Amino acid sequence: MTLTAKDVAEITRLLEDSAFDELTVELDGLKLSVRRAGAAVASGPPEREARSAPAPQPRSPATPRSHREPASGPPPRPEVASSSEAVAATQEVTAPLLGTFYRAPKPGAPPFVEVGAAVEEDTIIGIIEVMKLMNTVRAGVRGTVADILAEDGALVEYGQTLLRISKAASA
Amino acid sequence: MTIRRILIANRGEIAARIIRTCRYLGIETVLAASEADRDSVPARLADRTVCIGPSRPSESYLKVGTIVQAALAVRAEAIHPGYGFLSERAALAKASEEHGVVFIGPTAEQIESVGDKLRARAAAQAAEVPVVPGGAVGSVEEAVSLARRIGFPLLVKAVGGGGGRGMKRVERAEDLPHAMQLAESEAGAAFGDARVYIERFVTRGRHVEVQVLGDGLGRVIHLGERDCSVQRRYQKLIEETPAPRLPEPLRERLHEAAVRFAAGMAYRGAGTVEFLVDLERDAFYFLEMNARIQVEHPVTEAVTGIDLVAEQIAVAAGEGLRIGQSEVTWRGHAIECRVNAEDPARDFQPSPGLARAVRWPAGEGIRVDTHIEAGARIPPFYDSLMAKIIAHGANREEALERMWQAIASTRIGGMTTNLAFHSTVLANREFQAGGVDTGFLARLLEQAPMSVEARFG
């Protein structure tokens with residue numbers, strides 16, 4: 001049993017039409033939790049408005065966001081515990097162009113992928129906006145999202161690592 | 001407005017040079033660099049570097065949307081385009097303004113009108129600036145009849161061309177129809193604009209250009225001229241100011257014509273009006289206007305003491321012209337040699353590679369604008385300019401002597417460069433006498449391909 005993006009959209013709509021703040025679906029060992037924005041949770045997707053306020057630039061030459069210091073992204077998340085499948089090498093998904101990275105199709109919508117999500121080569125993992133033009137970014141590899149490094153609404157440079165995918169053992 | 005942060009949409013020596021002035025002014029710099037330039041000297045000098053795309057210019061330095069997006073994302077108030085790349089594309093000037101980012105340069109409209117050779121010619125005529133006899137021709141019949149009036153040899157030029165591209169020299173009337181058809185189809189393919197015009201070919205001419213600065217409201221001053229006649233296939237190699245052995249009245253007429261032309265369009269920022277000085281007729285003609293900072297601007301800075309990049313930024317920030325014409329003074333003589341990664345023995349083919357031991361000259365009156373240090377790679381994607389060596393002296397002799405020493409003390413290991421060729425030119429008697437025409441270099445290459453003549457002086 002796999003969930004498609006359409007299924008997720010359908011589940012999201014169910015929640016939106018309901019009086020509840022949270023909806024959890026469990027199927028075949030897959031657990032999906034959907035929460036309303038504003039509900040008291042720690043890990044909701046960041047608000048799209050965050051993009052209008054990038055961190056101010058310090059005046060010293062040692063700026064924290066230089067490309068030479070890739071650690072300037074969000075603190076690395078703990079690696080997903082390896083599943084029963086043998087975990088092959090991880091592959092980085094990098095930004096194909098400079099622009100503003102969005103993890104969700106529109107403000108408030110659930111992110112395309114979260115850590116632990118299964119992805120196919122053509123699974124959309126995010127959008128990069130360049131002057132109002134939306135460019136979709138695909139996983140490019142089959143596997144599981146191990147780590148998401150790029151922040152929603154942040155400037156990503158060409159070649160910057162957006163997320164890491166643990167490649168599926170059998171290709 | 002106050003400009004506190006500038007996005008530099010360029011690379012190489014000019015990026016490093018812009019950063020230097022910004023530092024002096026207390027302005028932060030963000031370098032928009034391609035993948036090949038992430039670890040370049042300008043990337044290290046800038047306060048911050050953002051990678052805008054792969055090495056190929058069409059995927060990085062030439063992407064208008066990406067450049068503006070980068071400026072917005074890093075919250076730069078202004079974009080400095082340098083020279084080349086997007087510096088004379090109206091699209092960047094337009095997109096910048098539309099998104100509230102200051103374009104450090106002329107308006108999109110001004111870029112368009114000087115970029116179109118026929119419009120520029122018409123603007124020159126309107127400002128009573130002489131143009132090379134010739135004009136637009138829509139058909140072979142028109143071309144033949146116009147050619148009869150201006151005489152041969154003549155040039156068939158593409159309206160959208162420039163810098164020597166899209167030009168055909170025609171010696172005889174019977175060759176004109178074919179040359180014209182060829183030029184039209186080439187211009188259509190290369191510039192997306194098949195229009196051509198014809199001009200008298202000046203057999204012995206000098207390339208003299210005038211540096212101007214405008215406030216965008218109609219006030220324009222000039223900072224003197226530069227002689228760029230030492231060129232090969234329209235690629236300049238050595239530039240100097242003032243232009244040697246130029247009759248004083250002619251020099252003044254050039255300055256006045258340049259100011260009239262730029263003032264006629266209320267030109268904004270730094271620009272250069274290029275002229276062809278016809279040695280046989282003691283006349284001069286408008287060639288084109290370059291709506292950007294030029295490679296050879298440092299010779300003007302050396303003799304006037306004016307920082308052209310600082311003035312560009314001041315005009316862009318709305319401060320207008322901070323110098324009056326009467327305050328501009330010229331001291332001594334300055335000369336510039338362009339050090340290129342190219343092989344004079346192989347028809348000046350670019351020779352990219354890794355610069356091993358690098359030693360640039362230093363000393364009284366010597367300035368070096370470069371982005372190359374030991375271990376720097378000259379990528380194959382961009383132009384071959386490695387450095388500009390500028391020598392300033394009390395007079396031309398002193399400037400030349402200093403340049404000779406500077407070239408002699410420069411060391412670039414592991415690369416093929418045109419350094420030795422510069423020595424050949426500097427040692428040439430005709431060049432030392434001053435005032436050579438644009439055919440000088442080609443003649444020099446014919447007689448003595450690579451031998452260095454006797455010691456300078």
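Colleague: Which residues of α3(B) are buried in this predicted model?

Modeller: In this predicted model, helix α3 of chain B spans residues 64-73, and seven of its ten residues are buried, so the helix is largely enclosed by the rest of the structure. The buried residues of α3(B) are T66(B), I67(B), V68(B), Q69(B), A70(B), A71(B) and A73(B).

Colleague: Which residue just after α3(B) takes a positive phi?

Modeller: Most residues other than glycine have a negative phi. Just after α3(B) there is a residue with a positive phi of about 60 degrees, and that residue is R75(B).

Colleague: Within what arc do the buried residues of α6(B) fall, seen down its axis?

Modeller: Helix α6 of chain B covers residues 117-126, and its buried residues are K117(B), A120(B), R121(B), A123(B) and A124(B). These buried residues line one face of the helix, because, seen down the axis of α6(B), they fall within an arc of 160 degrees.

Colleague: What is the phi of E128(B), which follows α6(B)?

Modeller: The residue E128(B) follows α6(B), and its phi is positive. The value for E128(B) is near 55 degrees.

Colleague: Are α4(B) and α5(B) roughly parallel or roughly antiparallel to each other?

Modeller: The axes of helix α4 (residues 90-98) and helix α5 (residues 108-115), both of chain B, come within 8 Å and cross at roughly 170 degrees. Angles over 145 degrees count as roughly antiparallel. The relation of α4(B) to α5(B) is therefore roughly antiparallel.

Colleague: How far apart do the C-alpha centres of domain 1 and domain 2 of chain B lie?

Modeller: The domain assignment of chain B gives domain 1 as residues 5-104, domain 2 as 133-200 and domain 3 as 205-447. Between the C-alpha centres of domain 1 and domain 2 of chain B, the distance is 37 Å.

Colleague: In which loop of chain B does P153(B) lie?

Modeller: The peptide bond from F152(B) to P153(B) is cis, with omega near -5 degrees, whereas most peptide bonds are trans. The place of P153(B) is the loop between α7 (140-150) and β7 (154-162) of chain B.

Colleague: Which residues does P242(B) touch, not counting residues up to four places away in sequence?

Modeller: A cis peptide bond, with omega about -5 degrees, joins T241(B) and P242(B), and P242(B) is found in the loop between β12 (235-241) and α9 (248-264) of chain B. With 19 other C-beta atoms within 10 Å, P242(B) is partly exposed. Leaving out residues up to four places away in sequence, P242(B) touches G224(B), E225(B), W330(B) and H333(B).

Colleague: How many other C-beta atoms does D347(B) have within 10 Å?

Modeller: D347(B) is a residue other than glycine with a positive phi, near 55 degrees, and D347(B) lies in the loop between β16 (342-343) and β17 (349-350) of chain B. D347(B) is exposed, and the number of other C-beta atoms within 10 Å is 10.

Colleague: How far apart in space are V115(A) and R142(A), C-alpha to C-alpha?

Modeller: V115(A) is in the loop between β4 (99-102) and β5 (118-119) of chain A, and V115(A) is partly exposed, with 16 other C-beta atoms within 10 Å. V115(A) and R142(A) are 27 residues apart in sequence, and their C-alpha to C-alpha distance in space is 14 Å.

Technical notes: Residues are numbered from 1 along each chain as its sequence is written. Chains are lettered from A and ligands numbered from 1 in the order in which they are written. This is a predicted model: local features need pLDDT of at least 70, side-chain atom pairs count only at pLDDT 80 or more; totals for chains, interfaces and linings use all residues. Axes are lines fitted to C-alpha atoms, for helices over the stretch in contact, and angles run from 0 to 180 degrees between N-to-C directions. Helices (H or I, at least four residues) and strands (E, at least two) are DSSP runs, numbered from the N terminus. Angles under 35 degrees count as roughly parallel, over 145 as roughly antiparallel, 65 to 115 as roughly perpendicular and the rest as oblique. Domain bounds come from an automatic or database domain assignment. A residue is buried if 20 or more other C-beta atoms lie within 10 Å of its own, exposed if 12 or fewer, and partly exposed in between; C-beta atoms are placed from the backbone. The arc is that of the directions from the helix axis to the C-beta atoms. Two residues are in contact if their C-beta atoms, placed from the backbone, lie within 7 Å.
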